[in-house]
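Trainee: I have a structure open on my screen and would like to learn how to read it. Could you walk me through some features?

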Amino acid sequence: GLPVLERLTLRSSNEAGEGCRTLGRVLSGEGRRRLPSLRQLILDWDGDESLGSVCEGLSSGSLPSSVAVVLIISSRKPEIAERGDRAVMALAAAIRSGKILGLQKVFFKSRLDLSRQTGRVFGEALTHADVTLASLEELSFRAAIFSGQKQQQREGMGELLAGIVEGRHSLPSLQTLRTIWSHFSPFHICVDEVGARAVASGIREAKFPSLKCFHLDCRDVLLEGLQPLALALASPHVSALRSLSIELGTPQEEASPAGVGLFSVALASGYLRALEELFIEENYGIDAARALFAGLGSGKLSCLRRLDLRHFFLDAQRVRELAQVLDARRLPSLQNLELARLNYTYGSFDAQPGIGDEGLRALVETWMERPPPPLEFLGLRANAFTDQAAQSLMLLLGSGRLRFLLLVDLGANAFSDQMRRQLRTAFPCVNAAAG
C-alpha cells in the first residue's frame with residue numbers, strides 16, 4: 001500500500017473494459033485499506049466507455065466522503081457520439097447511488113455529443129433524494145457538451161439545470177456554477193428559457209446558498225426567461241455572490257434594452273453589494289448600454305474590485321457614457337478595469353473600432369474633473385490609439401490622480417516608436433509594446 005499518499009491524479013487510458021472496472025473496484029474497496037491517507041482523487045478522464053467502466057467498478061463499493069473527488073471529463077478521441085451518453089449515464093448512476101459522496105468539482109472540458117435526456121439524468125443525480133452531495137463546490141462547462149447545434153445546446157443545458165433544481169436535495173457547498181464559452185469557437189454553451197427559469201428557482205429556493213461565482217450564457221434567452229433570473233439576482237438569496245458574468249446579445253444582434261434593464265435593476269438593488277467581479281459581454285446598443293451603466297453607477301456596488309469589458313462592444317460614444325459612472329464615489333473599491341478590445345474569429349467584432357482617441361479623451365477628462373476609482377490595473381490594449389491619445393493619457397498619469405496605479409496595458413495600439421519610448425521612460429507602469 002501507500003500509507004502516506006494524500007493526493008492521487010489519474011488520467012484515462014486508451015482502453016475500456018475490465019482494467020478500468022478493476023481500477024474502480026480498487027479505489028472504492030481495496031483502496032480504502034491500501035490508501036488510508038488519501039484526501040483528494042483527481043480523475044481526468046475521457047467521456048467514453050472507459051469512464052463508464054470506472055463508474056461500474058466504483059459501484060461495487062464506495063469512495064469515502066473524506067476523499068475529495070475532482071472529475072475532469074473531456075474527449076481526446078474523435079467520434080464520441082453515443083459513447084458520451086453511456087459514460088455520463090454510468091457516472092450519474094454512481095453519483096445517485098452514493099458511491100462518490102466526496103464529489104467536489106466537475107469540469108466538462110470538451111464536446112461529448114450528449115442527448116438532452118442524459119443531461120436531465122445527470123442533473124437529477126446531483127440532487128437525488130437518496131444522496132446529499134455536501135462537498136460539491138464547482139460545476140463548470142467549458143465546451144458545448146450536447147449533440148447538435150445552437151438550439152440543441154440550449155435545450156440540453158436547460159434540461160440539465162432543471163434536473164438539478166427539481167431534485168429533493170440542495171447543493172449546500174456549491175460555490176461556482178459557470179459556462180465558459182470561447183469566442184474563438186462557433187458553439188455556444190448557452191441556456192434556454194427552461195434553464196434560466198430553473199436557475200432562478202434554484203436561487204430563490206436556496207438550492208445553492210453558498211454560490212459565489214455565477215457565470216451563465218443568457219445571450220439566447222428571451223425576455224420572459226430573463227425576467228425571473230434578474231428578479232432572483234435582485235433578492236437576498238444572492239448575498240454570497242462575489243463574481244457575476246452577464247452575457248446578453250450576440251455579435252450579430254444587439255442585446256434587448258429591456259433585458260439589460262432587468263439586470264441593471266439587480267445591480268442597483270443593493271443585494272449584490274458584496275460583488276467583487278463583474279464580467280459583461282457582447283453587443284449592447286446605446287440605449288442598452290445606458291441602462292447597464294445606470295446600474296453600475298447606482299452606488300450599490302461598493303465592493304466591486306474588477307470590471308471586465310473585454311468582450312463588450314465599446315466605442316467612443318459608449319465610453320463617454322461609461323466614464324460618467326467610473327468614479328471613486330460610485331465604485332470606491334474598483335482596482336482592475338479591463339477595457340481592452342479583443343478580435344474574434346467568429347462574429348462581427350473584427351470591425352469594432354475600439355475606444356479610439358476620442359473615447360480615451362472622454363475618460364481622461366472625466367477623471368481630471370472627478371476623483372477616479374483607486375485603480376491598480378487599467379487595460380486599454382488594442383483600442384486603435386494614436387500619439388494624440390497618448391498625450392491625453394500622459395496628462396492624466398502625470399497628474400497623480402491615479403496614485404495606486406501599478407500597470408497600464410497599452411499594447412497593440414498605433415503609437416509611433418518614439419511615443420512608445422517616451423511613455424515607457426516617463427511612466428514605468430506603462431506597457432506600450434507593439435504586439
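This is a predicted model: local features need pLDDT of at least 70, side-chain atom pairs count only at pLDDT 80 or more; totals for chains, interfaces and linings use all residues.

Trainee: Thanks! Which residues of H7 and H8 meet?

Mentor: From H7 come Leu223, Leu226, Gln227, Leu229, Ala230 and Leu233, and from H8 come Ala258, Gly259, Leu262, Phe263 and Ala266. Sorted by class, this contact holds nine nonpolar residues, two polar ones and no charged ones.

Trainee: And how do I describe the way two helices pack?

Mentor: Two packed helices are described by the angle between their axes and the distance between the axes. Here, helix H7 (residues 223–233) and helix H8 (residues 257–268) have axes 8 Å apart, at an angle of about 10 degrees. Angles under 35 degrees count as roughly parallel, so H7 and H8 are roughly parallel to each other.

Trainee: At what angle do the axes of H3 and H4 cross?

Mentor: At roughly 20 degrees; the axes of helix H3 (residues 83–96) and helix H4 (residues 116–126) come within 8 Å. H3 and H4 are therefore roughly parallel to each other. There is a handedness to read as well: the crossing of H3 and H4 is left-handed.

Trainee: Which residues of H3 and H4 meet?

Mentor: On the H3 side you will find Asp85, Val88, Met89, Leu91, Ala92, Ile95 and Arg96, and they meet Thr118, Val121, Phe122, Ala125 and Leu126 of H4. By class, the contact of H3 with H4 has nine nonpolar, one polar and two charged residues.

Trainee: Let me try another pair. Is the crossing of H9 and H10 left-handed or right-handed?

Mentor: H9 passes H10 in a right-handed crossing. The contact uses Ile286, Ala289, Arg290, Phe293 and Leu296 of H9, together with Gln317, Arg318, Glu321 and Leu322 of H10. Those residues divide into five nonpolar, one polar and three charged. As for the geometry, the axes of helix H9 (residues 286–296) and helix H10 (residues 316–323) come within 9 Å and cross at roughly 20 degrees. H9 and H10 are therefore roughly parallel to each other.

Trainee: Now for single residues. Is Glu138 buried or exposed?

Mentor: The cut-off to know is that buried means under 20% relative accessible area. Glu138 has a relative accessible area of 9%, so Glu138 is buried. You can find Glu138 in strand S5 (residues 138–141).

Trainee: What does the side chain of Glu138 make a polar contact with?

Mentor: With the side chain of Arg178, at 3.0 Å. If you leave aside neighbours within four places in sequence, the residues in contact with Glu138 are Gln104, Lys105, Val106, Phe107, Leu174, Thr176 and Arg178.

Trainee: Where does Ser50 lie?

Mentor: Ser50 lies in helix H2 (residues 49–58). With a relative accessible area of 1%, Ser50 is buried. The side chains of Ser50 and Asp48 are joined by a polar contact of 2.6 Å.

Trainee: What about residues in loops?

Mentor: Look at Phe146, in the loop between S5 and helix H5 (150–166). Phe146 is buried, with a relative accessible area of 1%. Leaving aside neighbours within four places in sequence, Phe146 has contacts that include Arg111, Leu114, Gly119, Gln152, Met157 and Leu160.

Trainee: How many residues apart in sequence are Phe146 and Thr118?

Mentor: They are 28 residues apart in sequence, and 9.1 Å apart in space from C-alpha to C-alpha. Another pair to look at is Ala240 and Phe208: they are 32 residues apart along the chain, and their C-alpha atoms are separated by 10 Å. Ala240 is in the loop between H7 and strand S8 (243–247). Not counting residues up to four places away in sequence, Ala240 touches Pro209, Ser210, Leu211 and Lys212.

Methods: Residues are numbered from 1 along each chain as its sequence is written. Side-chain values use heavy atoms; hydrogens and water are left out. Helices (H or I, at least four residues) and strands (E, at least two) are DSSP runs, numbered from the N terminus. Buried means under 20% relative accessible area, exposed over 50%, partly exposed in between (1.4 Å probe, protein chains only). A polar contact is a pair of N or O atoms within 3.5 Å; within protein, one must be able to donate a hydrogen and the other to accept it, and residues adjacent in sequence count only if both atoms are side-chain atoms. Contact means heavy atoms within 4.5 Å. Axes are lines fitted to C-alpha atoms, for helices over the stretch in contact, and angles run from 0 to 180 degrees between N-to-C directions. Angles under 35 degrees count as roughly parallel, over 145 as roughly antiparallel, 65 to 115 as roughly perpendicular and the rest as oblique. A crossing is left-handed if the near helix is turned anticlockwise from the far one by less than a right angle, and right-handed if clockwise. Ala, Val, Leu, Ile, Met, Phe, Trp, Tyr, Cys and Pro count as nonpolar, Asp, Glu, Lys and Arg as charged, and the others, Gly among them, as polar.
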